[in-house]
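Trainee: I have a model to go through before I set up any calculations. Can we take it question by question?

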Amino acid sequence: MNIVILGPGAVGSLWANAFLHAGHSVSLCSRQSAKQLSIQVDQYNAALFANNDKQSIQDADLLLVTVKAPHVITALTPLLPQISPDCMIMLMHNGMGTAEDVIEFLPNNPLLLATTTHGAYRESSQRVLHTGLGTTQLGGYNDKGKQCAFLEEVFQHALPEVKWNHDILHALWHKLAINCAINPLTAIHQVTNGTLAQEEFSLLLSRVIDEVSQILTAEEIRLSKKQLEDSIFKVIELTAKNHSSMQQDVFHRRATEIDFITGYLLHKAKHHNIAATENTALYQQIKQIEQSWNHE
Ligand code: KPL
């Protein structure tokens, strides 16, 4: 297949390398202006990829978008004239809400969503470390996307484990709920994920989870409060020493994904007339932190 990776950060680079080794023709689209980019994953030989090549975009069978949610539309817009209507577009990032915008720009393309638990770390602009094996779930967003279940085999062959999920929105909501509980709190307090297991966070965390659970129920996502709580504490335990992506964004003073995580949740809460007081407070605190950088 002809595959283009839009946003070769840690996760994008991992997939670019995996697809290349699986025999596909892979090229990249990045903010860098170089015509070719080299990527090395772990100790394997570095591979060279074409970058921002118009012909590759025109020929693409699959465009895998791995930029963070706030950058999806800005990154896709300049490519729109080149994207063929048959090209499958797959969004792979934390948070939700971008598919609703992408479908406006590319109404005829198969649109798919993905979520992955692979751990990847970008050590330098050319070197990526695959820090943890994970599972990737894929699924269709629109009808054409839902007809692309064959991609499970393509992805599985390149970087297992991969599962086709007929209800990918359920998987994304589950991930979003976990991110709502862990990401803002770790970012505001600048602590590791494991710190949230301490007594001082227990009341606040339980209120946050309670609100998230009410919104999931209103959205008809079948996940009990107990199941949600268990999965959140399991992630806290398994990633105890890690820093969440939002903690890192705040630390490095980069725009966070808050609008696509808690912001998306609050948008749905409003729709269902649910007063999500604790999540609103967390949202505002992250927004205030982001705004404070502009006033220094
Ligand atoms: O997805 C994550 C993130 O950091 O964005 C979690 C699951 C919280 C792991 O750190």
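Predicted model: local features only at pLDDT ≥ 70, side-chain atom pairs only at ≥ 80, totals over all residues.

Trainee: How much area do domain 1 and domain 2 bury between them?

Mentor: In contact are 14 residues of domain 1 and 14 residues of domain 2. Carbon and sulfur atoms carry 62% of the buried area. The total is about 1400 Å².

Trainee: Which residues of domain 1 lose the most area to domain 2?

Mentor: Three residues stand out on that side. Together they account for 50% of what the domain 1 side buries. They are Lys68, Asn94 and Met96.

Trainee: How many residue pairs are in polar contact across the interface, and which element gives the largest share of the domain 1 side?

Mentor: The rule finds five residue pairs in polar contact between domain 1 and domain 2. Two elements give two or more residues to the domain 1 side: helix H4 (98–105) and strand S7 (111–116). By class, that side has five nonpolar, seven polar and two charged residues. The largest share, three residues, comes from S7.

Trainee: Is Asp249 buried or exposed, and which residues share its salt-bridge network?

Mentor: Asp249 has a relative accessible area of 1%, so it is buried. Its side chain also meets Arg254 in a salt bridge, 2.9 Å from N to O. Arg254 is partly exposed, at 39%. Bridges with shared partners join Lys68, Asp249 and Arg254 into one network.

Trainee: How many residues apart are Asp259 and Lys287, and where does each lie?

Mentor: Their side chains meet in a salt bridge of 2.8 Å, N to O. Asp259 lies in the loop between H10 and H11, and Lys287 in helix H12. Asp259 is partly exposed at 34%, while Lys287 is buried at 19%. The pair links distant parts of the chain, 28 residues apart.

Trainee: In which helix do Asp230 and Lys226 both lie, and how many residues apart are they?

Mentor: Their side chains form a salt bridge at 2.7 Å, N to O. Asp230 is partly exposed at 40%, and Lys226 is exposed at 53%. An α-helix has 3.6 residues a turn, so residues three or four places apart point the same way. Both residues lie in helix H9, four residues apart.

Trainee: Why is H11 largely enclosed by the rest of the structure, and which elements do its buried residues pack against?

Mentor: Seven of the ten residues of H11 are buried, so the helix is largely enclosed. Among them are Tyr264, Leu265 and Leu266. The packing partners are H4, helix H7 (168–189), H8 and helix H12 (277–294).

Trainee: Is Ser213 buried or exposed, and which residues does Ser213 touch?

Mentor: Ser213 sits in helix H8 (residues 202–218). Its relative accessibility is 7%, so Ser213 counts as buried. Leaving out residues up to four places away in sequence, Ser213 touches Lys225 and Leu228.

Trainee: What is the phi of Glu220, and what is that of Arg253?

Mentor: Glu220 is in the loop between H8 and helix H9 (225–238), and is exposed at 69%. Arg253 is in the loop between helix H10 (245–251) and helix H11 (262–271), and is partly exposed at 48%. Neither is a glycine, yet phi is positive in both. The values are near 60° for Glu220 and about 55° for Arg253.

Trainee: Which residues does a cis peptide bond join, and what is omega?

Mentor: Glu161 lies in the loop between helix H6 (151–158) and strand S11 (162–164). The cis bond joins Pro160 and Glu161. Omega is about -5°.

Key: Residues numbered from 1 in each chain as written. Heavy atoms only, no water. Buried < 20%, exposed > 50% of the residue type's maximum accessible area, 1.4 Å probe, protein only. Contact = heavy atoms within 4.5 Å. Buried area = accessible area lost by both parts, 1.4 Å probe. Polar contact = N/O pair within 3.5 Å; in protein donor to acceptor, adjacent residues only side chain to side chain. Nonpolar A, V, L, I, M, F, W, Y, C, P; charged D, E, K, R; others polar. Salt bridge = Lys/Arg side-chain N within 4 Å of Asp/Glu carboxyl O.
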